[in-house]
Amino acid sequence: MLTTMKSIIILLISCSLWACNSAQNAEEKVADQNQQTDPHANNGGAIAFETDFHDFGKITSGEVVSQVFKFTNKGTGPLVISHVQVSCGCTSPEYTREPVAPGAEGNVTLSFNSSGFHGTQNKQVVITTDGEPKEAKLNFTAQVE
């Protein structure tokens, strides 16, 4: 009877250890999959703009003005811009959509339609990347007359 009890206890301990090990392995697999599929995971890219500000100066209401903001991937892996968020419908973005290799350049072009605006206009655009920083901000101003 004592031998049977020992066998049952050893069996229970073995099953518990196996279950814990299986759960840990499953958690590690899920973490690995999330890391591989996360679109915001850093792939080694690093965005660096030549400048993050532009002053259009004095413009006439109704005029559409544009500025190209150039950037370089200063990282060790490809860089992808996933989203460009403008502060209002008056600003239209165009940007490099394909991955930018390390050391290569890309750009974000912002067009501002001043129709209906008067006075000093300060606008900000948020660039989301898979590199560092995750978000970069571009700003411009115009004096609309």
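Student: How much accessible surface does the chain have, and what share of it belongs to carbon and sulfur atoms?

Tutor: Accessible areas here come from the Shrake-Rupley method with a 1.4 Å probe, and for residues only the protein chains shown count as cover. For this chain the total is about 9100 Å², with 54% belonging to carbon and sulfur atoms. Keep in mind that this is a predicted model: local features need pLDDT of at least 70, side-chain atom pairs count only at pLDDT 80 or more, and totals for chains, interfaces and linings use all residues. Residues are numbered from 1 along each chain as its sequence is written, and side-chain values use heavy atoms, leaving out hydrogens and water.

Student: Which elements does the chain have, and in what order do they run?

Tutor: Helices (H or I, at least four residues) and strands (E, at least two) are DSSP runs, numbered from the N terminus. Here there are one helix and eight strands, running α-β-β-β-β-β-β-β-β.

Student: Which residues touch the most other members of the largest nonpolar core?

Tutor: A nonpolar core is a set of buried (under 20% relative accessible area, 1.4 Å probe, protein chains only) Ala, Val, Leu, Ile, Met, Phe, Trp, Tyr and Cys residues joined through side-chain atoms within 4.5 Å. In this 23-residue core they are Ile 47, Phe 49, Phe 71, Ile 81, Val 108, Phe 112 and Ile 127. β8 contributes the most, five residues.

Student: Where is the cis peptide bond?

Tutor: Most peptide bonds are trans. The bond from Glu 132 to Pro 133 is cis, with omega near -10 degrees; Pro 133 sits in the loop between β7 (119-129) and β8 (135-144).

Terms used:
Buried < 20%, exposed > 50% of the residue type's maximum accessible area, 1.4 Å probe, protein only.
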